[in-house]
Amino acid sequence: MNKNWIRKLIGGLCLTSVAFVFQACYGPQQDFGDDLLIEGQVKSKTSGLPIKGIKVSVEDKIQYANTDENGKFSFYIEKLQNAKIKFTDVDSTQNIWFSNKDTLVTIKDSILMSKESKVYLNIELENK
Amino acid sequence: MITMLKQALFRKFKKNETKYHELNYLFWECTTRCNLNCRHCGSDCSKDSFYKDMPLDDFLKALDTIESPSENFIVALTGGEPLLRKDIELCGREIRKRGMRWGMVSNGYLYDSEKHISLLNAGLGALTISVDGLESSHNWLRNNDKSFERVDIAIGLAASSSRLNFDVVTCVNKRNFHELEEIQKYLIRKGVKAWRLFTIVPIGRAKEDDDMFLTNNQFTKLMDFISESRTRKDIDVKFSCEGFVGRYESKVRDLNFFCRAGINIGSVLIDGSISACPNIDRTFAQGNIYKDNFYTIWQTKYELFRNRSWTKTGKCAECKDYKNCLGSGFHNWHGDRKNVLVCHNERIEKYM
């Protein structure tokens, strides 16, 4: 703590606000962006078994992930206060046909403020 | 007077940073395989690398030795071409699991829409892509006729993401020097917000090729171009941290020159060597993750990086700017270490 205080004081005295922001000659910049880890599991409401191959996406965003053999999914997105997460059965009848589902997730301020923000969703889909 | 005071304060800042040497930035040379055969490659990379890709678990063992990573700590994946690794997303996710951030340097050739999404999903936060000219000069340097077409797609995707801290780097050489204005316009059209320019050091494949190196006149004009471009609001243009540029110091970057290699920047190289930036002469390696504890090496070694007095030799011995420069970028010391490879300040002063 003391060490950082001294560093910041001297950095500040250098009359620059960017003393601690740098990148190596040809490396990427540092990452000060905020993001949110969305993870969870999708199961059949009827059987309780995990469902593979469900497309999980965020409305108006290009990112998506597909559930694995355990029905699990996980991806980072830009931090949002509210996110509509869409669950879509993209393989149709290949492993039973499930109804699509949209879930509106409101992220609590305490989660948004934390350095490593994440939410976990347990989702059940009904057979079509 | 104010300039001298600012320089003195900045020297104090550098001294203090050197004393504390907090590890903020770790390169991981995760592969030396490459899908291109660039004329300027400092690593002499090729499709069939002598080294196999470093197994992820080996790197993670080294990463896990870091006690309390610093607040802004980032792992920078580099190569070779990192996208040739099939497990690149897994690498990123494992880094994020440890509460750390990760970024990547890529030539963009394999960066398509699908890859863009999978990398963002894996928590990619910073990305640098190389654009070395308009189509003809880029393809010439990259030695590949489709390279520009592919990188054009890549930068369009990367620039569209508000999550990514994305910038473009350009190696300025004799062939693309006259295109800088046009490259800048092109990047602005593509939505790129940050552009970093650097020159080529005579190492690796580049050293025998005269087309790679700017004349003193061109180098000084490059400084003028960057200086003028920094008044623009639509793109942040800067010179890389490759060396001290004397009278242009406050005009071409956000911060005065400070080579942080071995002070805030470390690396794990393809063979397990522990060093700083990957373009630094490999004889400066401080240890090896296969026999040493990475973080112990970081904390206890790196003497030549943290005390640069040994660089006061050759043309640096009598230089009046030495105290602000400290021997230029560390990557400028190769071979017998008797003289700096490139002195940017000297090039400028010879032209003036």
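This is a predicted model: local features need pLDDT of at least 70, side-chain atom pairs count only at pLDDT 80 or more; totals for chains, interfaces and linings use all residues.

Colleague: What does the secondary structure of chain A come to?

Modeller: Chain A has two helices and seven strands. Along the sequence, they follow the pattern α-β-β-β-β-β-β-α-β.

Colleague: And how many residues does chain A have, and what percentage of them is buried?

Modeller: There are 128 residues in chain A, and 26% of them are buried. As for the contacts in chain A with a separation of 6 or more, 59% come from residues 24 or more positions apart.

Colleague: Which strands of chain A form an open sheet, and in what order?

Modeller: Three strands do, in the order E4-E1-E7 of chain A, with mixed pairing. E4 and E7 of chain A are the edge strands, each pairing on one side only. From one strand to the next, the twist averages 20°.

Colleague: How many bridges does E1(A) make with E4(A), and are they parallel or antiparallel?

Modeller: E1(A), residues 35–44, and E4(A) pair over seven bridges in the antiparallel sense. Within this pairing, A:Asp35 has A:Glu78 as its bridge partner, and A:Leu36 has A:Ile77.

Colleague: What about E1(A) and E7(A)?

Modeller: Those two strands run parallel and are joined by nine bridges; E7(A) covers residues 117–125. A:Val42, for instance, has A:Ile123 in E7(A) as its bridge partner. In general, strands of a sheet pair through backbone hydrogen bonds, either parallel or antiparallel.

Colleague: Changing topic: how many residues does each chain bring to the contact?

Modeller: Chain A contributes 31 residues and chain B contributes 43 residues. On the chain A side, the elements giving two or more residues are helix H1 (2–13), strand E3 (64–66) and strand E4 (72–78). H1(A) gives the most, with six residues.

Colleague: How many of the residues on that side of chain A are nonpolar, polar or charged?

Modeller: The side of chain A that touches chain B divides into 18 nonpolar, seven polar and six charged residues.

Colleague: Over in chain B, which residues of H4(B) are buried, and what do they pack against?

Modeller: H4(B) spans residues 113–121, and its buried residues are B:His116, B:Leu119, B:Leu120 and B:Asn121. They pack against E3 and E4 of chain A, and also against helix H3 (88–97), strand E4 (124–130) and helix H6 (147–160) of chain B. Just after H4(B), B:Gly123 has a positive phi of about 90°.

Colleague: How many residues are in the largest nonpolar core, and which touch the most other members?

Modeller: That core has 121 residues, and those touching the most other members are B:Trp28, B:Ala76, B:Ile155, B:Ala158, B:Ala261 and B:Cys277. H6(B) supplies the largest share of this core, seven residues. Leaving aside neighbours within four places in sequence, the contacts of B:Ile155 include B:Gly108, B:Ile129 and B:Val192.

Colleague: Which residues of E7(B) lie on its covered face, and which on its uncovered one?

Modeller: In E7(B), residues 236–239, the covered face has B:Val237 and B:Phe239, whereas B:Asp236 and B:Lys238 are on the uncovered face. In a regular strand, side chains alternate between the two faces of the sheet. E6(B), residues 194–198, runs parallel to E7(B) and is joined to it by four bridges.

Colleague: Which peptide bond is cis?

Modeller: The bond joining B:Gly79 and B:Gly80 is cis, with omega about 15°. B:Gly80 lies in the loop between strand E2 (74–78) and H3 of chain B.

Colleague: What is the phi of B:His21 and of B:Asn143?

Modeller: B:His21 has a positive phi of about 35° although it is not a glycine. This residue sits in the loop between helix H1 (2–20) and strand E1 (25–29) of chain B. B:Asn143, also not a glycine, has a positive phi near 60°, and its place is the loop between helix H5 (135–142) and H6 of chain B. Most residues other than glycine have a negative phi.

Colleague: Why does B:His21 count as partly exposed?

Modeller: B:His21 counts as partly exposed because it has 18 C-beta neighbours inside 10 Å, and a buried residue would need 20 or more.

Conventions. Residues are numbered from 1 along each chain as its sequence is written. Chains are lettered from A and ligands numbered from 1 in the order in which they are written. Two residues are in contact if their C-beta atoms, placed from the backbone, lie within 7 Å. Ala, Val, Leu, Ile, Met, Phe, Trp, Tyr, Cys and Pro count as nonpolar, Asp, Glu, Lys and Arg as charged, and the others, Gly among them, as polar. Two strands pair if DSSP finds at least two bridges between them. A residue is buried if 20 or more other C-beta atoms lie within 10 Å of its own, exposed if 12 or fewer, and partly exposed in between; C-beta atoms are placed from the backbone. A nonpolar core is a set of buried Ala, Val, Leu, Ile, Met, Phe, Trp, Tyr and Cys residues joined through C-beta atoms within 7 Å. Axes are lines fitted to C-alpha atoms, for helices over the stretch in contact, and angles run from 0 to 180 degrees between N-to-C directions.
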